[in-house]
Amino acid sequence: MFRNFDQISKNLKSKFFFDYDISNFTWFRTGGKVDLYCIIADEHELEIILNHLNNETPVFVIGAGSNVLIRDGGFRGIIIRLGKSFNSLKVNGNLISSGAGILDVNLSKYACNNSLQGLEFFSGIPGSVGGAVKMNAGCYGFETKEVVKEITAGA
Ligand SMILES: Cc1cc2nc3c(=O)[nH]c(=O)nc-3n(C[C@H](O)[C@H](O)[C@H](O)COP(=O)(O)OP(=O)(O)OC[C@H]3O[C@@H](n4cnc5c(N)ncnc54)[C@H](O)[C@@H]3O)c2cc1C
């Protein structure tokens, strides 16, 4: 399924792990082996990698893995995790621009340190911003959908 990845993996900064035990990256330490686990270096490489996939290859994006159970039999396909370049945080007036890889708790602290309110509830959720958007994570009476103004989806 990933024969053509031998070559591209040599030319990219993204990290490729074939036949990889994914359990260390799921919250409950479940899961067997995934055919390919890939830590994406940046948006440009994400596009390259997705373009090299066959249309039928199962793709799964993992955040902090706190809402994921992978079975012992593993996952036949590619699991993608966003690397450090997706951990950006920037204040613009009373808005924060956050990368999808940032942990919810770090977004919450960043808002607090910049005297911005409304993201306190994220300190109680053990996930990433990407996972929070996908799951509409919430607690203490607040939900992600109430604090998201705009989303950029790459690739
Ligand atoms: C102890 C504990 C307490 C919890 N408390 C709460 C709570 O109070 N409130 C609550 O809402 N949830 C809670 N959860 C559930 C979980 O933390 C949330 O659903 C969280 O938002 C998942 O984020 P994650 O980054 O871990 O996503 P993952 O578990 O890795 O993935 C969840 C889903 O999001 C998708 N996803 C992840 N990142 C991306 C991305 N960058 N782009 C596209 N899709 C992506 C995955 O494909 C998957 O479908 C709790 C879980 C645990 C273990």
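I'll start with one residue. His44 counts as partly exposed because 15 other C-beta atoms lie within 10 Å. The scale, with C-beta atoms placed from the backbone, is this: buried means 20 or more other C-beta atoms within 10 Å of the residue's own, exposed means 12 or fewer, and partly exposed is in between. His44 sits in helix 2, residues 43-51. Its C-alpha lies 8.7 Å from that of Gly154, although 110 residues separate His44 and Gly154 in sequence.

Two remarks on the source. This is a predicted model, in which local features need pLDDT of at least 70 and side-chain atom pairs count only at pLDDT 80 or more, while totals for chains, interfaces and linings use all residues. Residues are numbered from 1 along each chain as its sequence is written.

Now the overall layout. The protein chain divides into domain 1, residues 5-84, and domain 2, residues 87-146; such bounds come from an automatic or database domain assignment. The centres of the two domains, taken over C-alpha atoms, are 24 Å apart. Eight residues of domain 1 are in contact with ten of domain 2, contact meaning that the C-beta atoms of two residues, placed from the backbone, lie within 7 Å. On the side of domain 1 that touches domain 2, four residues are nonpolar, three polar and one charged. For these classes, Ala, Val, Leu, Ile, Met, Phe, Trp, Tyr, Cys and Pro are nonpolar, Asp, Glu, Lys and Arg are charged, and the others, Gly among them, are polar.

Helices (H or I, at least four residues) and strands (E, at least two) are DSSP runs, numbered from the N terminus.

Four strands make an open sheet, ordered 1-2-4-3, with mixed pairing; strands pair if DSSP finds at least two bridges between them. Strand 1 (15-21) and strand 3 are the edges, each pairing on one side only. Strand 4, residues 75-82, runs parallel to strand 3 over four bridges and parallel to strand 2, residues 33-40, over six bridges. Ile79 of strand 4 has Phe60 opposite, and Tyr37 also stands opposite Ile79. Ile80 of strand 4 is the bridge partner of Val61.

Last, the backbone. Most residues other than glycine have a negative phi. Arg29, not a glycine, has a positive phi of about 55°. Arg29 lies in the loop between strand 1 and strand 2. Why does Arg29 count as exposed? Because it has 11 C-beta neighbours inside 10 Å. Tyr140 also has a positive phi, near 55°. Tyr140 is in the loop between strand 7 and strand 8 (142-143), and is exposed, with 9 other C-beta atoms within 10 Å.
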